[in-house]
Amino acid sequence: MKLVLLLCLLSPLCDGVRIRGLVTDNNLTIVPGSLTPSVGVDVDLSAVIHRVDPRFLSVTIDASLASEEKFMSLLGSPKLRTLTKALTPAFLRFGGTRQDFMVFTPQKPHHSNTAFTADESCDKLELPSWLEEKLKGEWPEQQMVLMREDVQRKYRRVKFTEYTVDVLHAFASCSGLDLIFGLNALLRTAQNSWNSSNARSLLQYCEAKQYHMSWELGNEPNSFEKKAGIRVDGFQLGQDFTELREIMARSKLYHDAALYGPDVGQPRDHRIDILEGFLQSGGAAVDACTWHHYYVNGRDTSLEDFIDPQILDSLALKINEVLQRVQQTSPGKAVWLGETSSAYGGGAAGLSDTFVAGFMWLDKLGLGARLGVDVVMRQVLVGSGSYHLVDENLDPLPDYWLSVLYKRLVGPEVLKISAWSKSGRSRRVRLYLHCSSTNSYRRGAVTLMALNLSKKTARVSVPAIVSSSTVDAFVLQSDQPGEEGLYSRSVTLNGVVLKMTDDKTLPDLTANHLPPSVHLQLPAFSLAFFVFTDAQAAACLDPVPLR
């Protein structure tokens, strides 16, 4: 079944003109007399082209949070746990640059002011409010320390105790996330192979506590030489992973646990060499191949970059290159974006934590799923940098609300969609289509994700093929008008500013219910989810084999 949508960019020429999309031999027919630039959209509802992991949208906590172990206690915040629960199902990856400078150093007894003990029930795992405020007040100074280390590329060795592991596992477990713990790969022998003794000690502790989790080894091995003066080639890295897999195989708890890697940076010269060498010697050891992606350098980017179609399009080239390399060496291996956000270097201050970041985020989710990426891990849920979903006061930022809506409205089944205009492929109005989440809608519904990078409103005229379907519209905009509003850290849903009701309650995320055959409005600089509740899409009614 073909669905055709017509997008009309509003201008004075469009006043009083009604444009219809009709299916006629797969061509778009426009009512005579229309002089308005338009974008046609062809959607195939008959088959699923890709099915992502149910935990497709996942999150990370950067290992820098444990650089001073007391800050791990922030994970005991009831407010943070409330926010995190709304993102399930998801993976929680603990890792990043500093994981390769962290050494497990058991120390009994635990700190006297710990927020967690492993034996407590989840309803008791609450950080006292006075301690939460104290830690939040001290965190900005700690961020400055971390930023200096990043700029100077001088990282100190961090010793962490059972407390970090206990807190992290309790947070993941009580929030409903699946924990992935990143091990230190820069502990090397004289022969430059991985020294696994510290990892074995950590795994033994976690097994004794019966902590179910998955594992990674190393973060961005392509930058080991810059960070620590140690060069590890891909083939050796693969052998290191094979050793870790063998250690896990001897464990009663972890013999069937998942292992992911190598968490290499996005394709470029040496990084591709590392990936290829790794897959040759270690591809069989991992359950998914992970790599990282950022669009721009956070230290020299601009607002215009965040809404530049050419920059958004660049992701497709990177994804296709990684997929091609992986399939050549390890056919059928799942590919994950194991760490990703808008800008590297900790994000772009005043951009990565504002409304405009949502264009990069939603486009990455849509494009990644369409091209065959199975999981996308957002850097970070909370912690260092400016690309977080939850800020330093533990308040949700615009990308958090976007992520929650994605979780509630978008299912794992990807449907084919293409869009065009008279000048070629549509670039400023960007569209992606999935079956709707069956947690929120009955089977057969479809969710259209729409991004309008333009300062002009877009108008969607629903064609006859779905004219009997009502539409639930969820439109996200800045709380401030115009281009200046892109810098805002607040967001509205259908005109209502989103904020928590209290520390344990999210607001109602209410749709605008539109009757059949109405025009769908996509405001300037907006992000939207349009759910066709009665689409009866064949691909979404019953499980259908992938095309």
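This is a short chat about a predicted model of one protein chain.

Q: How many helices and strands does the chain come to?
A: The secondary structure has 12 helices and 25 strands. This is a predicted model, by the way.

Q: What share of the residues is buried?
A: Of the 547 residues in the chain, 61% are buried.

Q: Take contacts between residues at least 6 apart in sequence. What share joins residues at least 24 apart?
A: That share is 81%.

Q: On to the strands. Which ones close into a barrel?
A: There are 8 of them, in the order 5-6-9-10-11-12-13-14. The pairing is parallel. From one strand to the next, the twist averages 30°.

Q: Which helix packs on the sheet there?
A: Helix 6, residues 234-249. Helix 6 touches strand 9 (178-183), strand 10 (214-217) and strand 11 (259-264). The direction of helix 6 makes about 160° with that of strand 11.

Q: How many bridges join strand 5 to strand 14?
A: 4 bridges. Strand 5 covers residues 57-62 and strand 14 covers residues 375-382. The two run parallel. L57 stands opposite V376 in strand 14.

Q: What stands opposite L337 in strand 14?
A: V376. V376 also stands opposite L57. As for the strands, strand 13 pairs with strand 14 in the parallel sense over 3 bridges.

Q: How many bridges are there between strand 12 and strand 13?
A: 9 bridges, again in the parallel sense. Strand 12 is residues 288-297.

Q: Why is strand 13 described as largely enclosed?
A: Because 9 of the 11 residues of strand 13 (residues 334-344) are buried. The rest of the structure largely encloses it.

Q: Helices now. How many residues of helix 1 are buried?
A: 7 of the 8 residues in helix 1 (residues 78-85) are buried, so the rest of the structure largely encloses that helix. The buried ones are P78, K79, L80, R81, T82, L83 and T84.

Q: What do those buried residues pack against?
A: Helix 2 (129-152), helix 3 (162-175), strand 14 and helix 11 (398-409).

Q: What about helix 9 and helix 10: at what angle do they pack?
A: About 35°, with axes 10 Å apart. Helix 9 is residues 309-329 and helix 10 is residues 357-371. Helix 9 passes helix 10 in a right-handed crossing.

Q: Which residues meet there?
A: From helix 9, I311, L312, L315, A316, I319, N320 and L323. From helix 10, F359, M360, D363, K364, L367, G368 and L371. They divide into 10 nonpolar, 2 polar and 2 charged.

Q: Where is G277?
A: In helix 7, residues 270-282. G277 is buried, with a relative accessible area of 11%.

Q: What does G277 touch, leaving out residues up to four places away in sequence?
A: G234 and F235. G277 and G234 are 43 residues apart in sequence. In space, they are 4.2 Å apart, C-alpha to C-alpha.

Q: Which bond joins T88 and P89?
A: A cis peptide bond, with omega about -5°. P89 is in the loop between helix 1 and strand 6 (91-95).

Q: And from Q379 to V380, cis or trans?
A: That bond is cis, with omega near -5°. V380 lies in strand 14.

Q: What is phi at E220?
A: Near 50°, a positive value in a residue other than glycine. E220 lies in the loop between strand 10 and helix 5 (224-228).

Q: Is E220 buried or exposed?
A: Buried, with a relative accessible area of 18%. The cut-off for buried is under 20%.

Q: Last one: what about phi of D263?
A: Near 55°, also positive. D263 lies in strand 11. D263 is buried, with a relative accessible area of 0%.

Conventions. Residues numbered from 1 in each chain as written. Predicted model: local features only at pLDDT ≥ 70, side-chain atom pairs only at ≥ 80, totals over all residues. Heavy atoms only, no water. Axes fitted to C-alpha atoms, helices over the stretch in contact; angles between N-to-C directions. Left-handed = near helix turned anticlockwise from the far one by under 90°. Contact = heavy atoms within 4.5 Å. Nonpolar A, V, L, I, M, F, W, Y, C, P; charged D, E, K, R; others polar. Pairing = 2+ DSSP bridges. Buried < 20%, exposed > 50% of the residue type's maximum accessible area, 1.4 Å probe, protein only.
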